[in-house]
Amino acid sequence: MPPGWQVVSIAVVVAMVVVGAEKFDRTRDVVLPAIGVFDWSDVWFLAFVVLSFPVLQYFAPVRVAEAVTILLIVASVADLMRAAAPSRPVLRRVVTTCVAVIASTVSLHHFAVVPRAVIGDLLLIPLVWIAALAWAQTGMRVSHLIAIVIGLTVFDLAATPLSHVMGPLLRRLGEQQPQLIFTVPSAHGVALLGIGDVLIAVVVPLVVRRSYGHLAGRVAAGLCVMAYIAGLSVAALRPGVTIPLMVTLGPATLLAIGFAELRASRLNSGSMQP
Amino acid sequence: MFGSTVAQLRYATAIARGRAVPPWVLRSLVGAALRTAEHRGVRATSVDALLTDDAASLDLTRRRFARQVHYACSRTRAYCTIPSSYGDHRTLPDSGDGLPNFSELPVTTKADISARPGEFVAAGVAAAAVTFTTGSSGPPLPIVFERTELKTSFMLSALGNVVFGHVTAQDRVLVAHGTRIGLSNSCVALAAGYIGAQVTIAAQPSPSRLIEMMAATPEPPTVLYVHPSYLGHLVTLIQRGGMSAPAGLRRIMIGGELVTAGLVARARVVFGPDVDFVQGYGMTETWPAAGSMCEAGHMHVEPARAIVEVKALDGARHAGVGELGTLVVTPLLPFRVATPLIRYDTGDLVRAVQQPTACSMAGLPATSSPLGRLGAAVRLPGRVITPREILEVVEADPHVPLPSRIGYRRVGSRVAVDVQVFAVSVAARHALGAAFDAAGIPLESLTLYGIDDTLPCSTYPWRGDLWEPELRGGFAPDRAS
């Protein structure tokens, strides 16, 4: 696949994931924990997870990592379906189907790269959606988002030069079945796309829309997808090199929030005029 | 969100293992519940179902009962003679309901505790508080509590109030219970404090004094805790005494005595349709097991805190569905540590109901609402007339001042009833007589007494009559000056 088409196809998929999450958020409430809201302790918890995840992945047995991934995916699919169709038979069917798909994915170690990658990516989308929707619907605020985005950008910038650490980690994540990283077929095998980057691209428009309105949300979604295209374009030009997508996604997020804040302050000051 | 999820899991683990719930878990849960209530609202029918997301998973009745028996056997002199096989769920006898019959493992009565209170206190547990029962059904009994179980029950009370929406941080809570209700008063006050509400403990002054206090408060209370009989005093005073109903109330929490439909209806007229009446059930001996009333009239108890059984009146067996019996409660670990009671017979009449019930609290064990004390029931040939049956008739009648003053006794196969009314009249006699007939209570006689008359024998004592005396006179002049 030529690099240009690869960028376009990934951008289209990411845009569909972002728009899909936004549609779902406007029509349905996911099954949230009975008590609990997203607060600053969760930001610290995420920071802990981001920092400890590579270490865990490095030292935990592959089977353990795969079992955790399966649990996460099944829980996410079930949660989404309970929100979309709360009746129990639907839930049971969906969970059964999901388990069957995962089982087949796991068993197809010798399957061709492309179908396996597509199945893995499709299973990951509910996981990304449910995390983003749960955070947005339990009260994630713009201030939380700014802290997370800045933290992740710094982490990406700091971690990427450590390619001798991150490279094997990404490869290991890509080889897990089911995978915990988006794998995209490319001219040079597969390109690996971090789940955190996609999660940020999905959650930013949701939180911005809830805080500033629909227009701000759409602008944020557009900026996130454009940032993705920019990052992927660099990656396409330099195959085999790890590109920290947060370097483009982080500023795009801050730009979207800045735009929304500026617009909101203008609207507010306008409304105060006699 | 992640922190409260971990706390919920830890809470469920503590309950399943019968271990103490760590304080950080309780703090985290109360904080999370408050933030959630502020963010998106939280409404549930059960604290345990809410926390663990599956009430059925807690229904490990047999296992938890056996563990409680084992604990009581090994720690108290009162229960040390129970065979060790009862302390293991695998060898625990099963009478068909999962638990042994009452002939195999008899109930504990108030008389048992009264005769040897020290034998029920667990060895090796440091007593943090000794609370006496109110004394409405016999001499006050001392019940010992340990520090952790008290703190846990206070925090869980706070959590329950947030979850059910009974008390919010914006509320001003006024507790008008007598000072003898020490445990309940402390629990309400501390729970409201954890929630962030404003609390006033007024004890139980005369009803007119309470209304004056409520009117004099800069910001009037929004939630009022009272006994039903005291509420009756307020209703009568406002209706007949010329005082105006306190403004600003949004909820009245009533419990500790029978709450009749007539009382609630008459109180609603006085306090307005916007005031919500919430009924509860609890007693010191079975603390912290508390009953909540559902819309279908059932009383539900959180399964994690206690096992509830209904003992048939005519034998040592469990009552069948619809059958009258007494409520038997076994408070469970980790909520009851210092004074473990196995199968405490409360003496309160209830009816066994079909489980699971078809109501909003279907996940929780249920009985009918309390029907009154067994000692105050009238046993007729082939039938038992419960105090509730009589009180429902009397308190619904507007001729009767609240709280109702009644006396009743069996005469042959009928009942003789004495009732105090505002004014003895033919209309009052006719209305009450017709109501008793409609309720199917066979009357031998119905004697009415005026409001200034004294009944020859009053069957039901009321907690609401325990008004606190007031200091009289001023301060003595300063002699030095």
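How many bridges join strand β3 (residues 172-175) of chain B to β5(B), and do they run parallel or antiparallel? I looked it up: three bridges, and the two strands run parallel.

**Ground rules.** I'm working with a predicted model, where local features need pLDDT of at least 70 and side-chain atom pairs count only at pLDDT 80 or more, while totals for chains, interfaces and linings use all residues. Residues are numbered from 1 along each chain as its sequence is written, chains are lettered from A and ligands numbered from 1 in the order written, and side-chain values use heavy atoms, leaving out hydrogens and water.

**The sheet in chain B.** My terms first: strands (E, at least two residues) and helices (H or I, at least four) are DSSP runs, numbered from the N terminus. Two strands pair if DSSP finds at least two bridges between them. I found eight strands in an open, mixed sheet, ordered β4-β3-β5-β6-β7-β8-β9-β13. At the edges I noted β4 (198-201) and β13 (366-368), each pairing on one side only.

**Around β5.** In β5(B), I saw B:Y225 as the bridge partner of B:V175. On the β6(B) side I counted four bridges, again parallel, with B:V226 opposite B:I254. Which residues of β5 (223-226) sit on which face? B:V223 and B:Y225 are on one side, B:L224 and B:V226 on the other, and all are buried (buried is under 20% relative accessible area, exposed over 50%, partly exposed in between, with a 1.4 Å probe and protein chains only).

**Other end.** Strands β8 (290-293) and β9 (298-301) of chain B run antiparallel, joined by three bridges. One pair I noted there is B:G291 with B:V301.

**Cores.** A nonpolar core is a set of buried Ala, Val, Leu, Ile, Met, Phe, Trp, Tyr and Cys residues joined through side-chain atoms within 4.5 Å. The largest has 67 residues, and A:V202 and A:Y228 have the most contacts inside it. Helix α5 (113-137) of chain A gives the most, 13 residues. I also found a second, separate core of 35 residues, including B:F164 and B:V278.

**Cysteines.** I logged B:C73 as buried because its relative accessibility is 18%; B:C80 counts as partly exposed because its value is 46%.
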